[in-house]
Amino acid sequence: MIGIKLGLFLVFSVLAKCSVRNVQSKYHLSSRIDPGVRFILETNECAGVGYRIVRDNQIVFESTLGHFAPLSSAIDHGNKIILISNQDQIVLELVEDTPAIFLVDISRKNIKSDKSITDCVSLGRNSLHWYGGPQQKYQYWPVEKLTLPNYSYVTKEADNAAVAERYWVNTEGAFIHLSDTTPLFIDQNSMKDDHLCFIARQSLPYNPRHPTFDFEYSIGVARDAKAAHIEAVHRFLGRPSGVPDPLMAARPIWSTWARYKRDIDETVVMRFANEIVNNGFTNSQFEIDDDWEICYGALEFRTSKFPNIRNTVQQLKNMGFRVTLWIHPFINKGCEPYYTTAKDNGIFRRYLVKDHNGNIDTQWWNSEKGEAAYIDFTNPEAAAWYTGRLRKLLEDTGIDSYKFDAGESSWQPDDPMFDIPLEDQYPQKITQDFVRTVTEFGPIVEVRTGFRDQKYNVYMRMLDLYSTWSWFNGLPTLIPTLLQFNMNGYPFVLPDMIGGNGYGSDVPDRELFVRWLQATVFMPTLQFSFVPWDFEDGDGINVVEVCRNFVKLHEDYADTIIQRFERAVSYGEPVNPPVWWLDPRDKTAQTVSDAFLLGEDILAAPVVKQGQRFRNIYLPVGRWQDGNNGSIYQGPRWLDNYPAPLSILPYFIRLP
């Protein structure tokens with residue numbers, strides 16, 4: 001099976017403080033295909049239960065089942081074993097045993113809400129590497145070096161965790177996927193070094209009033225990490241239903257945000273648009289960002305800033321732009337009559353998320369504490385009210401579509417309550433329903449948060465990056481975040497503003513801006529706000545000319561990007577895979593965090609370190625042609641001290 005004889009064993013380990021003589025029982029789950037493939041379960045009367053998955057004497061997955069001692073009995077059903085203690089019951093079931101995958105489900109049902117259960121997976125130290133988990137400001141790659149102490153695993157703005165899929169895969173071809181509804185916290189390298197612990201407990205931000213909860217997950221093993229990931233996509237994560245807007249992939253998006261922040265009006269917008277055209281740059285659309293409303297939540301333009309928005313939009317269209325608009329899911333107090341309408345509409349189902357005391361007060365970055373409310377997208381009537389107003393806005397203004405901001409579960413009031421069945425009341429439900437609601441506006445849409453939302457044909461935007469060279473949310477995290485999105489099943493990535501968002505005193509200089517543009521050339525989209533003509537020439541380059549050339553290089557590969565979009569839809573493959581995708585067993589490629597692939601035939605190795613004019617590049621298996629000078633190399637190999645002045649983006653094309 002899985003192309004080779006697996007010889008899989010699950011060995012329930014004896015922990016240090018207990019004698020081997022204390023082992024109570026040993027049970028087997030036998031393969032239906034190969035008698036050499038089996039589970040061996042061992043329990044210990046004082047230490048509980050632990051296990052390993054072993055392939056050809058190599059550990060591919062190792063874990064403990066916490067809070068389960070002592071064992072009182074076990075029932076062996078051949079492909080299922082039920083372990084019973086005086087309080088709990090664990091079911092371990094072999095659900096699939098094929099040449100493609102060996103899949104085990106582990107479940108505990110109806111756990112009382114006053115309990116907490118912790119299962120810890122060994123990260124394997126230096127011999128094993130892991131991918132997946134949450135988007136983070138420290139977006140390391142691989143992810144095993146992250147430290148996450150007692151971390152509520154929901155979508156949230158904190159730490160940039162706007163995408164938080166319950167999925168991890170390792171370099172030996174084993175993955176774990178946890179249930180959507182388990183009240184899950186994670187603890188990585190905090191309670192226990194080199195371990196990722198999954199903690200199930202019914203406490204905030206989960207609903208503490210639920211009397212019981214389930215703790216369920218699946219473990220799959222395939223021949224390698226690539227095969228395991230494709231199996232996980234097909235079985236758990238899902239594939240996109242269609243291709244997003246091709247023009248957004250082919251040509252740059254231009255946003256007002258980073259350059260102007262909230263200081264926008266009709267004059268600023270038209271001046272910016274004219275600069276773009278006069279400097280000879282192409283576009284997919286012009287995006288009007290924050291501070292256009294009369295008040296937050298009104299969805300009406302402020303006439304003091306935009307006296308005739310329909311005329312402004314038409315002028316932009318006459319210049320060759322489509323026009324999109326920044327949108328959020330909040331209504332601030334005092335934004336009338338919209339706040340009162342949403343607050344008072346309906347006796348039982350308000351349009352706003354409330355807590356268990358009926359309080360709707362919350363906060364976002366454009367309000368004070370307790371001075372805003374969040375549209376309740378779990379309420380179909382509220383969602384329809386919201387989208388109806390947005391459709392009218394499109395009709396009234398001629399705007400083409402929207403950039404949707406926020407949507408994470410963390411914006412809700414503490415202890416939120418939805419008027420839906422209790423079993424569906426998990427925090428990420430608001431994220432799912434928000435994304436489902438806004439994707440009705442078509443493939444031009446971009447969102448920034450997701451939980452089991454891989455099926456939509458819209459762009460997933462990275463959360464705002466800082467205009468720095470730092471591993472704390474700066475340029476070096478751009479490529480790991482791209483890879484993280486792809487390995488969580490989101491291939492249509494929008495890498496946010498070139499040069500970062502310019503917060504505080506951190507605005508990009510010439511070097512950071514050009515290197516940032518180079519890093520995004522082979523990603524799905526380019527998005528400008530800071531612009532090339534903001535920077536003086538230097539370092540031997542004409543900034544505008546060099547940037548125009550890199551935009552042209554991206555456009556030259558637009559057809560390739562769209563082809564990869566189509567493969568993502570048909571086969572669930574990432575658009576921008578990690579370098580190890582071409583050879584999942586390549587130990588060196590498994591740790592490369594500063595290069596990536598477009599499909600399987602282009603390798604981009606941008607410079608992401610300040611002042612660097614040479615870099616080492618790892619080429620995986622295959623024959624590679626240098627995209628700059630035509631030289632041909634046979635991989636796998638290192639190219640040491642590859643020359644990369646500010647005018648050069650190192651990239652390579654794999655030859656047949």
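Author: A term to begin with: a salt bridge is a side-chain nitrogen of Lys or Arg within 4 Å of a carboxyl oxygen of Asp or Glu. This is a predicted model, where local features need pLDDT of at least 70, side-chain atom pairs count only at pLDDT 80 or more, and totals for chains, interfaces and linings use all residues. Residues are numbered from 1 along each chain as its sequence is written, and side-chain values use heavy atoms, leaving out hydrogens and water.

Reader: How many salt bridges are in the whole structure?
Author: A search finds 43. One of them joins Asp119 and Arg108, with the closest N and O atoms 3.0 Å apart. Asp119 lies in strand 10 (residues 116-122) and Arg108 in strand 9 (residues 102-112), so the pair ties together parts 11 residues apart in sequence. Strands (E, at least two residues) and helices (H or I, at least four) are DSSP runs, numbered from the N terminus.

Reader: Is Asp119 buried or exposed?
Author: Buried, at 0% relative accessible area. Arg108 is buried too, at 2%. Buried means under 20% relative accessible area, exposed over 50%, partly exposed in between (1.4 Å probe, protein chains only).

Reader: What about Arg391 and Glu440?
Author: Their side chains meet in a salt bridge, 3.0 Å from N to O. Arg391 sits in helix 7 (residues 380-397) and Glu440 in the loop between helix 8 (429-438) and strand 26 (446-447), so this pair ties together parts 49 residues apart in sequence. Arg391 is partly exposed at 37%, and Glu440 is partly exposed at 46%.

Reader: Switching topic. Which domains are there?
Author: Domain 1 (18-236) and domain 2 (581-655). The bounds come from an automatic or database domain assignment.

Reader: How many residues are in contact between them?
Author: 14 residues of domain 1 are in contact with nine of domain 2. Contact means heavy atoms within 4.5 Å. Three salt bridges run between the two domains. Lys226 and Glu600 meet in a salt bridge, 3.2 Å from N to O.

Reader: Last one. Why is helix 9 called largely enclosed?
Author: Because 10 of the 10 residues of helix 9 (residues 478-487) are buried, the rest of the structure largely encloses it. Among them are Leu478, Phe485 and Met487. Just after helix 9, Gly489 takes a positive phi of about 90 degrees.
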